[in-house]
Amino acid sequence: MAFLDIRLKKVNKIYHEGEVLAGLVVVQSKTDVQHQGITLVVDGSVNLQLSSKSVGLFEAFYNSIKPIQLLNYVVNVAKPGKIPAGKTEIPFELPLKPKVNKSLYETYHGVFVNIQYTIKGEMKRPLLAKALTKSLEFIVEYKEQTEKAQPKPVPFSIAPDSLQNVKDKSGLPRFSINGKLDSASCCIKNPLTGQVIIDYCDAPIKSVELQLVRVETCGCAEGYARDATEIQNIQIGEGDVCRGLTIPMYMVFPRLFTCPTLSTSNFKVEFEINLVVVLQDDHLITENFPIKLTRF
């Protein structure tokens, strides 16, 4: 029985556009292995998907919803022949150069937008023997970005009068919540910070939460679909929190599920923060903050 493996030189698997993807193709077998050649395929693409509510809305979508290839090439690392028993290591070096007029966006695993980079090895076998394959994801990050995070503090104040989407405000409890986000422009490597103070609230509070939301837009000139989905939810206050107490906000941006804010002609990836105060009767008081993420 033979095994095929791909090992990258960089342990963290993080690469930048223009760098060299270097590593080894490793073949292990107890006996000699006949093969019809070993190839490596490097692929980077943006996969766009429509949410069920958007399918059928726009016929034009079906053109723009095809995967967008950013990077793709095939390299032969071994000619057909025989690999001796034991462990054989074949080194490779591949430049990470995007296709013409394309650039390598950061790796991002979303719901309706996916940006993924893979290297796949295949060893074709003679006759009926099954080909050996191995696929590995590597991560692309920006080396430099023209836009850098600039501190943009966002003070906020929430009261019954400031709420939208409420038809009858007479039944609302009296409350006053204020605080600030330290910045609406955030470096993805640093946590989001801020503070919230519940000055007063007539109704008992169940929980205070901070929610990170991805807003993914797919489409083209004829129309587009915009979908917001939750990435993570962090509780920053438990139970009927003390009034007048400064509650710190602190949220680390998860790797792969977030990326620098991205806007192209076919798709957009943006992020928002929701501050949610859950009352004992499960009514929600929510304040939304659009944020911009950058790598630096």
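Which residues do ring pairs link into a cluster? They are Tyr15, Tyr117 and Phe138. Please keep in mind that this is a predicted model.

**Aromatic rings**

Tyr15 has a further contact: the charged end of Lys10 sits over its ring, 4.7 Å from the centre. Across the whole structure there are five aromatic pairs. One of these pairs is formed by Tyr108 and Phe271, and because the ring planes stand at 85 degrees, with the centres 6.3 Å apart, the pair is edge-to-face. Tyr108 belongs to strand E9 (residues 108–109) and Phe271 to strand E20 (residues 267–279), so this pair ties together parts that are 163 residues apart in sequence.

**The largest pocket**

Let us turn to the pocket. The largest pocket has a volume of about 370 Å³. Its lining is made up of 17 residues, and those closest to the pocket centre are Leu163, Gln164, Val166, Leu284 and Ile285. Which strand gives the most to this lining? That is strand E21 (residues 284–294), with four residues. Sorted by class, the lining holds nine nonpolar, six polar and two charged residues.

Technical notes. Residues numbered from 1 in each chain as written. Predicted model: local features only at pLDDT ≥ 70, side-chain atom pairs only at ≥ 80, totals over all residues. Heavy atoms only, no water. Phe/Tyr/Trp six-rings, centres within 6.5 Å; stacked < 30°, edge-to-face > 60°. Helix = DSSP H or I, 4+ residues; strand = E, 2+ residues; numbered from the N terminus. Lys NZ or Arg CZ within 6 Å of the ring centre and 35° of its normal. 1 Å grid on protein atoms, 1.4 Å probe; cavity = no way out; pocket = protein on both sides within 12 Å on 5 of 7 lines; lining within 4 Å. Points joined across faces, edges and corners; volume = space filled by probe spheres on them. Nonpolar A, V, L, I, M, F, W, Y, C, P; charged D, E, K, R; others polar.
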